[in-house]
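Visitor: Could you walk me through this structure and take my questions as they come?

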Amino acid sequence: MADGADRGPAAGAADGRAPAQAPERAMWCDERFDFQSTFLQWLAKHVPNIYSAEMDPLVEEQEEMVQAGILYPLECYLFGEDPDIFLEKLQQSGTSQLCGKVFKGGETTYSCRDCAVDPTCVLCIDCFQNSIHKNHRYKMHNSTGGGFCDCGDTEAWKAGPLCTKHEPGASSSPKENSECQLNEEIMEHSRRVFPSVIKYMVDMLIWEEEKELPVELTIREKADSYYCVLFNDEHHSYDHVIYSLQRALGCELGEAQLHTTAIDKEGRRAVKAGHYASCQEAKEEIKRHSENVSQRPLHVEVLHADVMAHQKFALRLGSWLNKLMSYSSDFRQIFCQICLKEEAGSENPCFISKLMLWDARLHKGARKVLHELIFSSFFMEMEYKKLFAVEFVKYYKALQKEYISDDHDRVLSVTALSVQMFTVPTLARHLIEEQNVITTITETLLEVLPEYLDKNDKFNFQGYSQDKLKRVYAVIYDLRYVLVSKPTVWTDGLRERFLEGFVSFLRILTCMQGMEEIKRQIGQHIEVDPDWEAAIAIQMQLKNILLMFQEWCACDEELLLRSYRECHKAVMRCSTNGRSREKTVFHLCGHTLESRPYRVSADPVSIHLPLSRTLAGLHVRLSKTGAISRLHEFVSPEEFQVELLVEYPLRCLVLVAQVAAEMWRRNGLSLISQVFYYQDVKCREEMYDKDIIMLQIGASLMDPNQFLLLILQRYELVDAFKKIKPTKDQDLIKQYNVLIEEMLQILIYVVGERYVPGISNVTKEDVIMREIIHLLCIEPMAHSAITKSLPENENNETGLENVIDKVATFKKPGVSGHGVYELKDECLKEFNMFFYHYTKTQHSKAEHTQKKRRKQENRDEALPPPPPPDFSPAFSNVVRLLTCDVMMHILRTLLQRAVELETHLWTEAMIQMVLHLLSLGLLEEKQQLQKSPEEEVTFDFYHKATRMGSSAMNAVNVLMLLEKLKRVPQLEAQKDTVNWILQMFDMVKRLREKSSLATVGATSGSEATKADESTQDKEKAERKRKAEAARLHRQKIMAQMSALQRNFIETHKLLYENTLETQGKDDAIMEEESITSAIDYSRIALGPKRGPSVSEKEILTCILCQEEQEVKLESAAMVLSACVQKSTALTQNRSRILELSGDTLDPLFMHPDLPCGTHTGSCGHVMHAACWQKYFEAIQLNFRQRLHVEQIFDLENGEYLCPLCKSLCNTVIPIVPLQAQKINSEDAEAVAQILSLARWLEIVTGRISGYSMKNAKGEKQNLPPFTSKGSGNSALEFHSILSFGVQSSAKYSSSIKEMLVLFATTIYRVGLKVAPNEADSRIPMMTWSTCAFTIQCIENLLETEGKPLFGSLQNRQHSGLKALVQFAAAQRTTSPQVLIQKHLIRLLGVLLPNFKGEDTPSLLEVDMFHVLVGAVLSFPSLYWEDAVDLQPSSVSSAYNHLYLFHLTTLAHIMQIVISSATESPSAHSSDNSEEAQSAQSFCREVCQYTSGCFSQDIPGWLVWDCVKKGIMPYLRCAALFFHYLLGVSPPEELLQVSEEGQFKALCSYLSLPTNLFLLFREYWDTVNPLLQRWCADPVVLTCLKWKSIAIRYPRKRNHLIELPEDYSCLLNQASQFRCPRSSDDEQKHPVLCLFCGAMLCSQNTCCQELVNGEELGACTSHALQCGAGVCMFLKIRECKVVLIEGKTRGCLYPAPYLDEYGETDPGLKRGNPLHLCQERYRKLHLLWQQHCIIEEIARSQETNQVFFGFNWQLL
Ligand SMILES: [Zn+2]
Ligand SMILES: [Zn+2]
Ligand SMILES: [Zn+2]
Ligand SMILES: [Zn+2]
Ligand SMILES: [Zn+2]
Ligand SMILES: [Zn+2]
Ligand SMILES: [Zn+2]
């Protein structure tokens, strides 16, 4: 808005008025005048006049007046010279090093994962493209608006803070100082001007009086002129506002819409002008109509016209300042100084604070101006940014409260600027240290959250408003921003302030500790599921903040210990619950536990324990830093009370166990969800993980037996481990079993999970590596799937990339799917079946995968735990749990139960866990023994496990139990594990026995196992034998398989090689002919040497009734499912406007541009016609019964899904058998003697004129006049055509005839977009046209795919084409022959001189292949006689085809020669071949007839070259056509790809001389007049003369547009995209047409188009022209491909862009760099060229019903 571009005309206007203004300008300059009052007087005089017509403003005129009347003089005064010149100079003198571009919603922003300090540091597209980060691991995202480019901010980037554009010295300016210093005079003026301007602006923006203006501005009599102004809000819907306006003002819909759009965009608008009373009335009316039960009325004000005008101008001044700011740092500094200046002795805030505080009350448009101004001034000057931040923090509380009660989006609030300040590390540190910002933010939270507090001062979010809570999140974000970068240097002040903030934060956590308690529901199910989302959502928001606080605390030992003390105090204060109860005592195994009774299953419990968890986090950091040794100085052991610390996390884990045991099922889904998130990756770090750590803290500090007794008691399992059989109740036993499993699992975790820095000596990398290993042990995974399963840190990083290559190998994706990572083999040994982050399903999947793998490798199935890392000293006591009495008791009891086969009291899972615990104990002892001398190792697991139990019941030891366990049949699967444990026992025993230190170590390990070798060997041998057997079995199966495969090939050889096979057959039939000659001519399709048709009995199976039937003329019809569609796939000219309706179209001739054809495709599935009809009626019935169900396909238009493959079809092709024809070569030779081309022409002419004479007697025929000279005797030869051989026409069964009509009508209906009409004369034309066009499409496809012409078609293409050509030949019989003749005569008009009619198009305006197909298919109609149905005999056809083909070929060569006349030789060639010579002489002829227009200088070789290349597609199409029409086998060469061989083979197959110009010589007499006619054609002459654009041959093959390799190039293009219809800068959805490359403005009302009375979106209306309704687009901002068809259908398709992990990124959610995948783009190309887009849409809609709601019409 404020860039230099719009200055031109305004400045010009100013010049025009200059004389009038000169004195006044002078007045301003006069030092004696007080600038302020003069300025205000000036404004008071002009502003109301300029903005007088608010209802219907002439925006451009207003702007002109503002420029000329106010801004221009102001600038003149300010700069002291012509503003344009001055600003130009200033611009030249260099730009700021900061980019500061403010993002609009939807703009793409870039961040660098390698260099950005945090993810909020972003670059605009220009800076990014010019920065070093382009080659780093960048991320792209769509901005929500409101941010700005951080280019140039050295604190935002670890490297490369400047792009080349903003680099100092990058500008061409010769000045050393990149920033031009303003001279003192201008500075002085600025200091005079800015205060007045700013004061006026601020005063007007916060002006509250409706009727009055400030006195300084009131200079004239106040007119009674008011506006009723409506404000925007986010509560009322668009439609509701429109409705209210229509009702209240009685205005038209259009006007109401106009108002509403403007209000939505600007934030307010005058909707009525008039006297005060009438405006007041309108205001009340609008309020009344907009109010209802659930909604407040709209915000309406009545404003005096002058107030409105001044407010408007105040905003204009704002954007003027904004522009000025970009020119000079001095301006910015002066501006900032004035904005920050506080009135001396006044309590009033400074200007900028006033505006900030008023922000929530400003309307949208005003806020935008204000925020932009802040960006362009304060944020561009680091020093002032800091001062601004200080002001911001000063009013932080007030601002946030205003925002929370406001209803506008966050991007429109001044509070959204916080991210720009808080994330700057130095600024954040300053704000913490000087402004105590952490405390300010947490106190703000504490002030806005109390409405959610319950009577215990805990949060309770029942019935909260989601919208409101989301606004509170904004404050939480701010806390995160402040903490995002950890300080490296700590001052005392910083430490104190941080600690103060931390304590304040603990107060929030105190409100969360134990919030939303739940109680188990017994008996009845709860009535309403309580709200749980809010609490969990806050937990998610806090997760990283909690982690960051812990990290900050750990920066410094003193700080850590002090914060630990504070946190510990807070936890203790919250742990009062249950203290009133008396302690009880219970005993087990001679140990006693005294505790206060509490039962999770009966008492209230909460999963929210952030205080306990923070303490656990600080505890591991104490352990990691070693500060733990000083803990007693800060928290005395008496105060510590570890039992109390453990209590709450333990309850939470028990709750999870009880939920798993289904004890809480009456508490509904809410609890299930909470438990899910408790363990989910989004929350677990600060929930579940920390609870496990707290148990580990407990285990390390408590007596192990006491600890286990506490666990047993909280799990309510004390009874389950007593001798007495607990109960007979099956449900209860099941419950117990689940609880025992859950408890054992927790014990495994407490002892075994050590991958936390501080618990053991591992690094963060080790932890991530372990997570990834365990994920990949389940299955190979995509990069994004792994990322999703890993916790993210505050910078949204998981650390995945740093370690992934160490543990996994990447496997690239194919054409679909995505790339995956596979675990490296050497990492498999790290697999721990009981990994604590596995869900139950993941656990069993991983176990299954790993066992299967071991089996395949012929190894045992034992999956023992990997040796865990050693505990760090603070936690080393945890392992004592394993050897304590209670643990032994638990293990023994469970093993005993298994051995005694008390089946209901144990489960296999339970035993697995017992075995796992045993393994952990043995591993621990082994590791300790290997490290230290035997006598120093006090860990005596072996000893404890082999000791007898204390009581009689347990009078066996664990070792003995294990031996017995091997014989338990239910535990067969665990046998390998048991064996492994037994070996370990043995090994540890040996290690213990070796008292000498020397032998302890690795060697002893191997020795220890030696004794076992004999038994092991036996097992090994057995295993080997089994493996061998399995291998043999596999081999056998493989052998069978390959035999089957061979059979398959054998059986189907016929399919592939039937040409060869039948070749032999035919040879056998034609015994009388010599074999050699048979081979010679059998591969010629035309003329007397025509080869025999290869047709064999065709027996097909109906896919519906599964019955077989032979295809015969007289049988009931069989049909092929098919889809007819319009297509522009071959068009040579996309700018051509297509007719949308074919009512008046004449489709007989196809333009050589092939703008739009009718394509017929088939999926190749065969049905009986009757079966198909029944099927179709059934779906129709089905749909009529369920009317409201939305249909995927349009039954009205005959659409259905193929019953077998579900392809979309809209008709069927009848299968007509090929009529085998064979020529008697002697006859043919004889005929050849007489039937020359000239003679043939004569006969044909005679026949036709005979007809016309005959017909002329009856009705008047519209036949072209005959100009033939030889027509005198033509009447005599009327019948002579018949003398060259006739035969009776084929007789089709009525069912075939019916299908012929049906299919032909569909082609006509779809191809022309008209209502079906079986009698329309254009039906045969459309039949020929689709036949020709489909062949051209297939030829095109084969060429682009580089496949041979014959033998490489897909099965469906082959059978579809075969059926289509045979149908097209047969269709003639269902139309009146007179009609066919009429069409034929028109077609011949192009080829023959004596048939030229008035409507015969010029040679350059027809596609010759279409003419050929039409003429060949309609020609037999000449044989029709009134009485009998006749058709040409084989010999006649052979000649007819030959001559028709030769004639069209001649015409086509002529087309090529003419169009190549404009070619200029690019290289010189001395080719003087025979062909070149012929070409040369031919050109001379042409030159004669064109009176020199055709230059004969064109070298012959060039012409020949053009012809040879240009004619190829035509020849290839003709070969396909005649092959499918006649069934004559093509030459071998056409089954391969070879350029030279192909041309010769085509010529031979089509009876052409390879020197094509010989054709002209051969037929010279006939051709001569033709040539003359063609050349005399005015179109041809213009073309030659003016070199106007004639279509070139070969035609260009269409491809999807070329896409850039790097996706950000496309985004770049999109960012420069401007909607062609509207000038505003609001967000657009640029969409790229992949057919033509047009960029469209999608999903926006501005670009909707009215087509046939319907509003269509830009894409839909473009598709009608570009793709005849079917089109393919790329939504650039979303990186998705859209396929659409017509107005109602479409689907999304993955874009062909992949990130380096082989994954697509719809919606740019992940934002990784994307690169074009050629294979996938090719696939899209084929989808188009194979005409499968419609099919793809139908398939996607069937599987993915989501898009039914989408209005494709408006895309
Ligand atoms: Zn930038
Ligand atoms: Zn830059
Ligand atoms: Zn970088
Ligand atoms: Zn059937
Ligand atoms: Zn099918
Ligand atoms: Zn297009
Ligand atoms: Zn638009």
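Visitor: Are Cys163 and His166 buried or exposed?
Guide: Both Cys163 and His166 are buried, where buried means under 20% relative accessible area, exposed over 50% and partly exposed in between, with a 1.4 Å probe and protein chains only. This is a predicted model, in which local features need pLDDT of at least 70 and side-chain atom pairs pLDDT 80 or more, while totals for chains, interfaces and linings use all residues. Residues are numbered from 1 along each chain as its sequence is written, chains are lettered from A and ligands numbered from 1 in the order written, and side-chain values use heavy atoms, without hydrogens and water.

Visitor: Which residues coordinate the zinc ion (ligand 2)?
Guide: Cys127 (SG), Cys151 (SG), Cys163 (SG) and His166 (ND1) coordinate the zinc ion (ligand 2) at 1.9 to 2.3 Å; donors are N, O and S atoms within 2.8 Å of the metal (3.2 Å for Na, K and Ca), and water is not among the atoms, so sites may look incomplete.

Visitor: And how are those donor residues spaced in sequence?
Guide: The spacing for the zinc ion (ligand 2) is C-x23-C-x11-C-x2-H.

Visitor: Which residue coordinates both zinc ions?
Guide: Cys127 coordinates both the zinc ion (ligand 2) and the zinc ion (ligand 1), which are 4.3 Å apart.

Visitor: Changing topic, which residues of helix α27 are buried?
Guide: In helix α27 (residues 668-679), the buried residues include Leu671, Val675, Tyr677 and Tyr678; helices (H or I, at least four residues) and strands (E, at least two) are DSSP runs, numbered from the N terminus.

Visitor: What covers them?
Guide: The cover over the buried residues of α27 includes α21 (533-553), α23 (610-625), α26 (642-660) and α28 (688-701), with contact meaning heavy atoms within 4.5 Å.
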